[in-house]
Amino acid sequence: MLKDKNIILGVTGGIAAYKCVDLVSRLRKQGANVHVILTKGAQNFVTETAMREISGNPVVTSMWQEIQQYDVEHIALARLADVVLVAPATANVIAKCACGMADDMLTTTLLATKAPVFFAPAMNTNMYENSITQQNLHTLQERGCHIIDPAAGHLACGTSGVGRMPEPQELVEILVDFFATGKELAEPDEADSRQHLAEELDFSGLNILVTAAGTREPIDPVRYIGNRSSGKMGYAIAEAARDLGANVTLISGPSALTPLAGVNFFKVESARDMRRLVLENFPESQIVIKAAAVADYRVKNVADHKIKKNDEELTLVLEKNPDILKELGQKKQKGQVLVGFAAETQNLIQYAQSKLEKKNLDMIVANDVSKPQAGFNVDTNLIKLLKRDGSIEELPLMSKKDLAYIILNHVMKIYRQHN
Ligand code: CTP
């Protein structure tokens with residue numbers, strides 16, 4: 001997918017810059033032509049020589065240097081780019097780009113390019129979570145830039161939290177995915193477009209309960225059973241519902257996504273924790289959308305201490321978790337709207353239909369997670385909406401943010417029929 005693609009890699013002054021040597025090497029192995037721009041800050045972490053050797057191309061370090069290979073003006077790279085990736089992207093470069101500044105070669109290229117732009121923010125957690133940075137990222141996203149969620153973990157500043165640059169392999173996969181799917185990505189119809197729906201839909205006065213991400217079922221104090229759900233679909237729905245005026249409660253399993261401002265946010269670990277909070281909030285909610293990937297089983301005897309490796313084999317006995325959605329379906333009162341998700345790898349419609357009925361849902365969002373652009377941990381999804389009247393609405397590949405508005409539009413139609 002990356003063969004002969006011109007990738008402009010903007011490296012800014014964060015400690016994760018050292019990972020870019022590996023990143024460039026991986027991109028080249030995929031057949032890409034990589035052109036590196038190092039900001040002044042980046043040059044404290046990685047040298048021009050290293051980047052030149054690994055990329056096989058001249059490295060741009062200043063607006064004023066004499067560029068041998070591109071004997072053209074200073075926006076040549078902006079024109080050449082099939083994609084621009086800024087990794088790591090510091091809070092500073094994000095802020096500059098959000099304001100449209102162009103005071104060095106990287107920011108100038110970013111302002112001049114028409115190519116898709118990806119930012120991989122990497123910084124201290126507090127800086128990342130600061131509302132100014134979040135606002136800047138939001139601004140960039142609104143203008144069509146792609147923001148790659150930072151990972152959580154140990155940070156160079158000695159703390160732990162969200163703010164790590166994803167591993168080079170993950171960044172390569174994001175670009176591969178983008179070129180594989182980006183061109184097919186459908187724009188919603190005008191009637192279904194985010195802007196149009198935002199004008200049409202009004203959820204004010206409604207309490208919406210959304211669950212998101214996967215649960216973690218402990219094995220011992222340090223290990224757990226989890227799943228690949230990132231929470232992106234559920235968070236997109238909660239965010240859209242908030243923006244449409246709803247009073248949103250978001251109950252999330254562990255996720256690297258930033259907690260949403262302006263919603264009642266609860267973080268939980270296990271299915272049983274999630275069940276408790278969901279049941280507490282259910283009676284007050286007019287609409288419930290269960291996007292969480294809840295573990296169907298938990299470990300029967302969770303060890304009090306870390307399990308040591310002794311025998312060649314280790315057997316874990318699992319017992320069934322409560323099916324939260326099914327319970328809600330049984331408790332549902334007249335007028336409440338209940339929406340579930342079905343992540344399947346085969347017989348999508350048949351399994352989703354049976355869940356819709358068994359769990360007494362009003363609508364189910366079915367997605368085939370065996371497709372690379374759909375389901376877990378990607379920004380896009382390929383879904384079908386199944387309703388109680390037997391109708392099936394098949395949607396083209398779209399961003400989860402666009403789909404969130406379309407799902408809420410269908411939810412509102414059902415809500416109006418019931419109330
Ligand atoms: N769900 C839930 N509680 C569970 C399992 C699932 O509330 N213990 C919800 C999910 O949030 C989702 C829907 O049920 O909205 C579908 O989940 P899924 O695991 O696909 O369905 P299951 O009924 O568990 O069916 P199976 O595992 O057999 O596919």
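**Domain contact and helix packing**

Between domain 1 and domain 2, about 800 Å² of area is buried, and carbon and sulfur atoms give 50% of it. The size of an interface is often given in just this way, as the accessible area lost when the parts come together. The model behind these values is a predicted one. Its protein chain splits into domain 1, covering 6-184, and domain 2, covering 194-418. Eleven residues from domain 1 and nine residues from domain 2 make up the contact.

Next come the helix pairs. Two packed helices are described by the angle between their axes and the distance between the axes. Helix α4 (residues 91-98) turns up in two of the pairs treated here, once with α5 and once with α7.

Take α5 to begin with. Helix α5 (residues 105-112) packs against α4 at an angle of about 40 degrees, the axes being 10 Å apart. On the α4 side the residues involved are Val93, Lys96 and Cys97, and they meet Leu106, Thr107 and Leu110 of α5. Sorted by class, the contact of α4 with α5 comes to four nonpolar, one polar and one charged residues.

With helix α7 (residues 131-142), α4 packs at about 50 degrees, and here the axes are 9 Å apart. This pair, too, is therefore oblique. From α4, the residues Ala91, Ile94, Ala95, Cys97 and Ala98 meet Thr133, Asn136, Leu137, Thr139 and Leu140 from α7. The class tally for the contact of α4 with α7 is seven nonpolar, three polar and no charged residues. Cys97 takes part in the contact with α5 and also in the one with α7.

Over in the other part of the chain, helix α10 (residues 232-243) pairs up with helix α14 (residues 400-418): their axes come within 8 Å and cross at roughly 60 degrees. Angles of 65 to 115 degrees count as roughly perpendicular, so α10 and α14 are still oblique to each other. Their crossing is right-handed. On the α10 side, the contact draws on Lys232, Met233, Ala236, Ile237, Glu239, Ala240, Ala241 and Asp243, while α14 brings in Lys400, Lys401, Leu403, Ala404, Tyr405, Ile407 and Leu408. Of these, ten are nonpolar, none polar and five charged.

A few spots in the backbone deserve a look as well. Most residues other than glycine have a negative phi, and most peptide bonds are trans. The bond from Ala87 to Pro88, though, is cis, with omega near -5 degrees. Pro88 itself sits in strand β3 (residues 83-89). Asp4, in the segment before β1 (6-11), has a phi of about 65 degrees. Asn347 comes in at about 45 degrees, and its place is in the loop between β16 (337-344) and α13 (348-358).

Methods
Residues numbered from 1 in each chain as written. Predicted model: local features only at pLDDT ≥ 70, side-chain atom pairs only at ≥ 80, totals over all residues. Heavy atoms only, no water. Axes fitted to C-alpha atoms, helices over the stretch in contact; angles between N-to-C directions. Helix = DSSP H or I, 4+ residues; strand = E, 2+ residues; numbered from the N terminus. Parallel < 35°, antiparallel > 145°, perpendicular 65-115°, else oblique. Left-handed = near helix turned anticlockwise from the far one by under 90°. Contact = heavy atoms within 4.5 Å. Nonpolar A, V, L, I, M, F, W, Y, C, P; charged D, E, K, R; others polar. Domains from an automatic or database assignment. Buried area = accessible area lost by both parts, 1.4 Å probe.
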